[in-house]
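Please brief me on the metal sites and the nonpolar core of this model.

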Amino acid sequence: MRKVLSLTQDESLRARERHTTNRIPLVTTYNPRTSYIAEVANRNWHFLQSKERLAHICRERPIIAYRRSKSLRDILVSTKLTGRTPEGHTTTMGSCGPCNKPKCSWCVLINKTSTFTGTRRDGKVFDIFHIVNCQSTFVIYIIECRICRLQYVGKSEPAFNLRLNNHRNHIKRGVYFCELSEHFLHNSTSHDFGKDVTIAIIEQIKQSNMTIERKKEILRAREIFLAKSAEHIATERS
Ligand SMILES: [Zn+2]
Ligand SMILES: [Zn+2]
């Protein structure tokens, strides 16, 4: 934060140069006591460099990343999948894709798909029931980091592209707004939000006969439910 405050407006608006990396992510579940993993990895790095064969295999230090561990919410809310279609759903197959509007910066990153797979161990495949794109409202989305294969599940009441613009602005301005911006800010030398993500809209609350309040309520419940399929992005603390 201090670094952000010392920048002039001009400096903070300038695009930072980014590099891609082949560094291997070392992903573990976050726990306040496991920050020593990064410390141990760094402290013993010289050992891996001391033998020629090892140095050849381990050329670059791994990126230490943490997945979010179970929260109280995960424990308290049922994770059982029911066969019922949730309220506000159609039963026909849908798909997620680009809006193809000129100047849309998100079309290239939107996954053209009719299913999505959670990165959680069981790797469950889900169907997408709605026809949705970057302009859709009242949606649940998944943003997957292509480098760490961790996912962020979120919801957007306004048009989805506006929500994505918010995420991009937070990362650009160094604002630690959510787990997603934290992940990209903590890994800013190796991660580029404009390139290293795969985005999918996985669900929409469509019912026009519902009050806005009811739609918001359902959207929130669906976000909690669907977030359970993902191996979450959490903050890197090293
Ligand atoms: Zn678009
Ligand atoms: Zn990542």
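This is a predicted model: local features need pLDDT of at least 70, side-chain atom pairs count only at pLDDT 80 or more; totals for chains, interfaces and linings use all residues.

Residues are numbered from 1 along each chain as its sequence is written, chains are lettered from A and ligands numbered from 1 in the order in which they are written, and side-chain values use heavy atoms, with hydrogens and water left out.

**Zinc ion (ligand 1)**

- C99 (SG), C104 (SG), C107 (SG) and C134 (SG) coordinate the zinc ion (ligand 1) at 2.3 Å. Donors are N, O and S atoms within 2.8 Å of the metal (3.2 Å for Na, K and Ca); water is not among the atoms, so sites may look incomplete.
- The site of the zinc ion (ligand 1) is tetrahedral, with angles of 103 to 114° among its four donor atoms. Four donors count as tetrahedral if all angles lie between 85 and 135 degrees.
- The donor residues of the zinc ion (ligand 1) follow the spacing C-x4-C-x2-C-x26-C.
- C104 sits in the loop between β3 (95-96) and β4 (115-117), and C134 in the loop between β6 (131-132) and β7, so the pair ties together parts that are 30 residues apart in sequence. Strands (E, at least two residues) and helices (H or I, at least four) are DSSP runs, numbered from the N terminus.
- Both C104 and C134 are buried. Buried means under 20% relative accessible area, exposed over 50%, partly exposed in between (1.4 Å probe, protein chains only).

**Zinc ion (ligand 2)**

- The protein donors of the zinc ion (ligand 2) are C145 (SG), C148 (SG), H183 (NE2) and H191 (NE2), at 2.0 to 2.4 Å.
- The site of the zinc ion (ligand 2) is tetrahedral too, with angles of 97 to 119° among its four donor atoms.
- Its donor residues are spaced C-x2-C-x34-H-x7-H in sequence.
- C145 is buried at 1% relative accessible area. C148 is buried at 7%.
- H191 lies in the loop between α8 and β9. H191 counts as buried, at 0% relative accessibility.
- H191 and C145 are 46 residues apart in sequence, yet 8.6 Å apart in space, C-alpha to C-alpha.

**Nonpolar core**

- The largest nonpolar core has 44 residues; W106, I143, F160, F193 and I199 touch the most other members. Such a core is a set of buried Ala, Val, Leu, Ile, Met, Phe, Trp, Tyr and Cys residues joined through side-chain atoms within 4.5 Å.
- β7 (139-145), β8 (151-156), α7 (160-173), α8 (179-186), β9 (197-204) and α9 (212-227) each supply at least two residues of this core.
- β7 gives the largest share of this core, six residues.

**Strands β7 and β9**

- β7 and β9 pair in the antiparallel sense over seven bridges. Two strands pair if DSSP finds at least two bridges between them.
- I199 in β9 is the bridge partner of I143.
- Seven of the eight residues of β9 are buried.
- Leaving aside neighbours within four places in sequence, I199 is in contact with W106, L109, I110, N111, I142, I143, F160 and L164. Contact means heavy atoms within 4.5 Å.

**Helix α7**

- α7 has 14 residues and reaches 20 Å from its first C-alpha to its last, close to the expected 20 Å at 1.5 Å a residue. The expected span is 1.5 Å times one less than the number of residues.
- Its buried residues are F160, N161, R163, L164, H167, H170 and I171.
- β7, β8, α8 and β9 are among the parts that cover the buried residues of α7.
- Just after α7, G174 takes a positive phi of about 75°.

Definitions and conventions:
Four donors count as tetrahedral if all angles lie between 85 and 135 degrees; four count as square planar and six as octahedral if opposite donors are over 155 degrees apart and all others between 65 and 115; anything else is irregular.
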